[in-house]
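Subject: Structure handover

Hello,

Here is the structure I promised to pass on. Please open it alongside this message.

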Amino acid sequence: MSTLFNALVIDDDSNVRTTFKKALQHLGCRVTEAESAEKGINFLNNTNFNIVFAALCVKKIGARAVARWIKANRPNTKFIIITSWKGQLETAILSADGIHGVVHKPLLFTEIREILLEQLG
């Protein structure tokens, strides 16, 4: 299968990164993994990504800060939060931070596929 999109997954949980990697590769993406927000931003400085998935709670730098960095420096890159929190996230705050969507844990292939298609076609 040819590569359709370039994706970055930022999460300190290797199981989450592996799940995303398998799902996204199955959907035709080239996947880069980062276990910290700092490493993710380093990858973003050197590589163009179509989409970034990042855990809401990442050590030191939170996902919202990463989203704001992407909005300022890579405005064409879509940003999706990964969270296990089931509460309602404030749409206006998400939009202001440059967050395009949310994926909930436990991760489901269908939800990953849906958001990928919704954001990148």
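My notes on it follow, from the overall fold down to single residues.

Overall fold

Please bear in mind that this is a predicted model. The protein holds five helices and five strands. From the N terminus on, they run β-α-β-α-β-α-β-α-β-α. The C-alpha trace spans about 35 × 30 × 25 Å along its principal axes. Buried residues make up 44% of the 121. Take the contacts with a separation of 6 or more: 61% of them join residues 24 or more positions apart.

Helices α2 and α3

Two packed helices are described by the angle between their axes and the distance between the axes. Helix α2 covers residues 37–46, and helix α3 covers residues 63–73. Their axes come within 11 Å and cross at roughly 10 degrees. Angles under 35 degrees count as roughly parallel, so α2 and α3 are roughly parallel to each other. Which residues make the contact? From α2 come Ala37, Ile41, Leu44 and Asn45. From α3 come Val66, Trp69 and Ile70. Six of the contact residues are nonpolar, one is polar and none is charged.

The aromatic pair

The structure holds one aromatic pair. Phenylalanine 20 and phenylalanine 53 form it. Their ring centres lie 4.8 Å apart, with 40 degrees between the planes, and the pair is tilted. Are these two residues buried or exposed? Both phenylalanine 20 and phenylalanine 53 are buried. Phenylalanine 20 sits in helix α1 (residues 14–26) and phenylalanine 53 in strand β3 (residues 51–55), so the pair ties together parts that are 33 residues apart in sequence.

Leucine 107

Phenylalanine 20 turns up again here, as one of the residues that leucine 107 touches. Leucine 107 is in the loop between β5 (101–104) and α5 (109–120). Its relative accessible area is 18%. The cut-off for buried is under 20%, so leucine 107 counts as buried. Leaving aside residues up to four places away in sequence, leucine 107 touches Val16, Thr19, Phe20, Ile82 and Ile112. Leucine 107 and isoleucine 51 are 56 residues apart in sequence. In space they are 17 Å apart, C-alpha to C-alpha.

Best wishes

Conventions. Residues are numbered from 1 along each chain as its sequence is written. This is a predicted model: local features need pLDDT of at least 70, side-chain atom pairs count only at pLDDT 80 or more; totals for chains, interfaces and linings use all residues. Side-chain values use heavy atoms; hydrogens and water are left out. Axes are lines fitted to C-alpha atoms, for helices over the stretch in contact, and angles run from 0 to 180 degrees between N-to-C directions. Helices (H or I, at least four residues) and strands (E, at least two) are DSSP runs, numbered from the N terminus. Angles under 35 degrees count as roughly parallel, over 145 as roughly antiparallel, 65 to 115 as roughly perpendicular and the rest as oblique. Contact means heavy atoms within 4.5 Å. Ala, Val, Leu, Ile, Met, Phe, Trp, Tyr, Cys and Pro count as nonpolar, Asp, Glu, Lys and Arg as charged, and the others, Gly among them, as polar. Rings of Phe, Tyr and Trp (its six-membered ring) pair if their centres lie within 6.5 Å; planes under 30 degrees apart count as stacked, over 60 as edge-to-face and the rest as tilted. Buried means under 20% relative accessible area, exposed over 50%, partly exposed in between (1.4 Å probe, protein chains only).
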